Amino acid sequence: MRAHESPWDVAIVGGGASGTLLAIHLLRQAHVPLRILLLERDEQVGQGLAYSTRTECHLLNVPAARMGAFGDDPEHFLRWLRRTEPGTAAGDFVPRLHYGQYLEEVLKEAIAWSTPGVHFEVMTSEVHSLREHANRVTLSTRDGAVVARTVVLALGNAPPANLRVEDGGLYTSGRYHRSPWAEGALSGVGTRDTVLLVGTGLTMVDTVLSLEARGHRGTVHALSRHGLLPHRHARSGTYVSPPIRAVLRALRPTASRPLQARAVLHLLREEVARAERTGANWRAVVDALRPVTVPLWRRLPVDEQRRFLRHLRTYWDVHRHRMAPAVGDQVERLRASGRLRLHAARVRGFSLDDAGQVSVRLAPRGQRREEHLQVQHVVNCTGPEGLGVRHGHPLLRELTDAGTALPDALGLGLATQGPGALLNARGDARGRLFTLGPLRRGELWETTAVPEIRVQARALADHLLERLGRGLARPPEPLAAPAADGGT
């Protein structure tokens, strides 16, 4: 596709969940002619890393009734699923592959029912660079140039970064797997090989399940600094949360006393105690906090946000991002059998011998001594560590190097304004480049799960249509109030 005389109104770079949800909302809400282009390097849209898995045991971490593509209709996915799986209950945790299929079908329906004059195309290509000029943006792809009035970067999560330790040649060998989601990532692992998974979060859990599905019967070691597993979903009891305004008022900062992460932690502990007195548990409190997580995060000064990331992030993640019950049961069985072993330690370095054995130097948590672990394979399951600008899509590096985009203050993604307008190196938002989803994590913190992304997609679609002079169907949903669902 070459540069078109009539620019695309909106070009969306990335066809995973974020980009697909934005396209769906644009198509549903536009009432006058609009030209939308979705650029995706893979042939399938709506899947991305999260929902491209074909493994049935990879389950959603949110009940089916809360995964609808529309904030005002969270059961939309459940109704879709019941067409082919009529016995699906509202609280079921279903295979993730169904969700990618769902988004693809919802997109097709949005195209079919769009207003005459609304034109949508998918271009299977990868964007290498972009340039702003004369109120336009030119995207360079392997198939030619694309010109658009507005560009949205929906690039999803960055791949894990390599551990910054001496690797002894491991990283360039077939014994190292930088991402468990890369095509054929685990194909070289033998049935009885001993494997080290670096990271103990949900990515590690999915990797263990993938190995099991492939018939792996060797020992799997999982390692992280704290050695903590995600908790599992469970019944949380009946709990009436305090009104959102009351929570925000209780934590209102002042000029002389800015909000501290410690104050939020104190409030959370008070609410857990309150919930337990009513017969509920901490899960209900974490879920009830979800609608105010974004405004609380924004009220924390940057130094306090850094303090949270340094001291509390791990504990928040294992309580907030939980395993489906069936997955938790399988993980416990593997631990009980000794085939899955957890370690609280840091990796000091790797070495690779001539036979292909990997020696891992470990520093166990709270100890001065060093240990060694012998494995045949190492899989990086640390997940995106907020280094997406440096280690993610090459386009991000180009944009930040050129000053077209600005990394956020925490290094978690890109600095944005309003509904996702990118700030440049001077702190200005020109209104031609936008983003949504994981790249807004530094600003919003909670921005990786469908309940948050669908709200962002709606708000951004409304903004773009208004900016382009298009009609709106109804007022946008508030960015900071997704439905609480207790998972990702």
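Analyst: Side chains of opposite charge can pair when their charged atoms come close. In this predicted model, the side chains of Arg432 and Glu132 form a salt bridge at 3.2 Å, N to O (a side-chain nitrogen of Lys or Arg within 4 Å of a carboxyl oxygen of Asp or Glu). Local features need pLDDT of at least 70, side-chain atom pairs count only at pLDDT 80 or more, and totals for chains, interfaces and linings use all residues. Residues are numbered from 1 along each chain as its sequence is written, and side-chain values use heavy atoms, with hydrogens and water left out.

User: Which parts does the pair of Arg432 and Glu132 tie together?

Analyst: Arg432 lies in the loop between strands S15 (421–422) and S16 (433–435), and Glu132 in strand S4 (residues 127–133), so the pair joins parts 300 residues apart in sequence. Strands are DSSP runs of E, at least two residues, and helices runs of H or I, at least four, numbered from the N terminus.

User: Is Arg432 buried or exposed?

Analyst: Arg432 is buried, at 12% relative accessibility (buried is under 20% relative accessible area, exposed over 50%, partly exposed in between, with a 1.4 Å probe and protein chains only).

User: How is Arg83 placed in its network of salt bridges?

Analyst: Arg83 is linked with Glu105 and Glu109 in that network. Its salt bridge with Glu105 spans 2.9 Å, N to O. Arg83 is exposed, at 57%, whereas Glu105 is partly exposed, at 29%.
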